[in-house]
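Hello,

Here is the structure we talked about. Please load it and read the notes below alongside it.

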Amino acid sequence: MASKSYERNTRLYLLGILTAVELLMSFSFLGYLHVEPISITIAYIPVLLAGALVGLPEAVILGTVFGLASMWKAGASYVMPTDQLFSPFMSGRPMESVLLSVGARMLFGLLTGLLYLAAKRLPYTGAWLCVVSFFGKFLHSLLVYSAMGLFFPEAGYSVRNALDSFVSLNDVVTNLVTAGIVFLFWKLEKSRFWQEYRIRMEKAQKLQIEGHYHRLSMAAILLLTVGLTLAIAVYFVHRMDYALEAGGVVLSDTNYSDLVHLQIQFVIGALSMMALVIVFLIFNRRNSVYMYYEAKIDALTGLTTRKAFFEACTKVLQNSRTGREECGYFIMVDVDRFKEINDQYGHPEGDRILREAASALQETFGREGLVGRVGGDEFAVLLDMSVSRERLEAIFSLFLKRIHKIEIEDSQISCSIGAVPLHADKPVDALYREADRMLYSAKRQGRDRFVLLDHSGEMAIIEGEHVQREKLKG
């Protein structure tokens, strides 16, 4: 299972991507395709994707963005009178227009999000997701036409309009396209390729350190970009006005306002496209970080080499120490009597033991920490997360049980473990030495156990279910 911080970041990135796509579709032809004799409206699809791929809150947020974009487009004098009902500045009834344009779309996001949640709990999930997606446009039309009939009855629209359009060729084609798009993205999310890619990005995120200066630089660049884009938009509005006037066309105040209105839509579309490019560059950078990381992998175990592990630990510790004194543990793990295993059973069997021990370490700590091979049969883990001593003791006990399942003829494999807490004033080499001291304390006391030094200075020596605690001396 992925770490909570990574899951949260992934949801935020997906929300940002879908928001940018929604704005691009709302303010361009991408969301409104017209190929004679079919006119297809698909600007609501990002709302469905948010519900199917991300979650209920994200679907509501995308519905809100969809509604706000619709409300903005309706605020120009050149749109049809019916469309102007969606604008609080053009309809004469601001509250009703907001409820129609934004409220109906928020409700659309809420209902589709709930339907997708229900679909994911049913057998044949993919088929049910297609059903929800197929009826997505109808649900959207039903809510919008119902709101129009409720708030603006004089316009002559009602639920019947949604029912009539549902059987039209336009809607059948749109519904099939929608179901296909949502299903394809859902299958991609469940694919092995995507799961492996997420693991790569998660590891890259742990290794990639973006300090305070970097974040300030990014914020400054974003503000500068927005400011310059707005400046260009204002400049072009003035130049178009001047060019038209030079050609004998004088714009009225309303025409000039509409020109500004369109230019703002262009700016939002350009910024949305830029946001997608930025996200692409971020993930491309993370992929490069992972490729660099992968180049320093131990060929036998698949873990990072000693040098790469300590380099990564240094970066992680520099970042994690901002604003917190103590968090996480440095852990040393050693396969007991490994030389005897090699001498008695041969090096191929020894290699197998190392691979299985490395796999057990990755399964136990790989999602929440860095794991490396630092010696022949020695491994190290940097667990950079808040975890109680009791929880860590339970994790170690489960890990030792997992190691006991590794068999070689009639013998049972075991490991010794030493762990020390991370401290803000200790570099990684000092933590390594302390953890190594705890490791050899475990070996001296009989192996197949772990010695854990907690933040208070108390040492836990655990063998199986037996726990002995004492204050560390010296």
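Helices and strands here are DSSP runs, numbered from the N terminus; a helix needs at least four residues. By that scheme, Y124 sits in the loop between α5 (94-120) and α6 (125-134). Keep in mind that this is a predicted model.

**Backbone and surface**

Y124 has a phi near 55°, a positive value in a residue other than glycine. Y124 is exposed, at 71% relative accessible area. Y124 also belongs to a nonpolar surface patch of about 530 Å², together with L122, W128, V131 and F135. Of these, V131 lies in helix α6. V131 is partly exposed, at 37%.

R337 also has a positive phi, about 50°, and is not a glycine. R337 is in the loop between β3 (329-335) and α14 (338-345). Its relative accessible area is 43%, so R337 is partly exposed.

**Strand β3**

Seven of the seven residues of β3 are buried, so the strand is largely enclosed by the rest of the structure. In a regular strand, side chains alternate between the two faces of the sheet. Both faces of β3 are covered. Y329, I331, V333 and V335 are buried on one side; F330, M332 and D334 are buried on the other.

β3 has two antiparallel pairings to look at. Six bridges join β3 to β5 (residues 378-383), with V333 opposite F379. Seven bridges join β3 to β8 (residues 415-421), with D334 opposite S416.

**Salt bridges**

The structure holds 15 salt bridges. Three of them are worth a look.

- K443 and D334 meet at 2.6 Å, N to O. K443 is in helix α17 (residues 428-444) and D334 in strand β3, so the pair ties together parts 109 residues apart in sequence. Both K443 and D334 are buried. Salt bridges with shared partners join D334, D336 and K443 into one network.
- R11 and E58 meet at 3.0 Å, N to O. R11 is in helix α1 (residues 4-26) and E58 in helix α3 (residues 56-73), 47 residues apart. R11 is partly exposed at 33%, whereas E58 is buried at 8%.
- D171 and K137 meet at 2.9 Å, N to O. D171 is in helix α9 (residues 169-190) and K137 in helix α7 (residues 136-151), 34 residues apart. Why do D171 and K137 count as buried? The cut-off is under 20% relative accessible area. D171 is at 5%, so D171 counts as buried. K137 is at 11%, so K137 is buried too.

Best regards

Note on methods:
Residues are numbered from 1 along each chain as its sequence is written. This is a predicted model: local features need pLDDT of at least 70, side-chain atom pairs count only at pLDDT 80 or more; totals for chains, interfaces and linings use all residues. Side-chain values use heavy atoms; hydrogens and water are left out. Buried means under 20% relative accessible area, exposed over 50%, partly exposed in between (1.4 Å probe, protein chains only). Patches are made of residues with over 30% relative accessible area and no salt bridge: like charges are joined within 9 Å, nonpolar side chains (Val, Leu, Ile, Met, Phe, Trp, Tyr) within 5 Å. Accessible areas come from the Shrake-Rupley method with a 1.4 Å probe; for residues, only the protein chains shown count as cover. A salt bridge is a side-chain nitrogen of Lys or Arg within 4 Å of a carboxyl oxygen of Asp or Glu. Two strands pair if DSSP finds at least two bridges between them.
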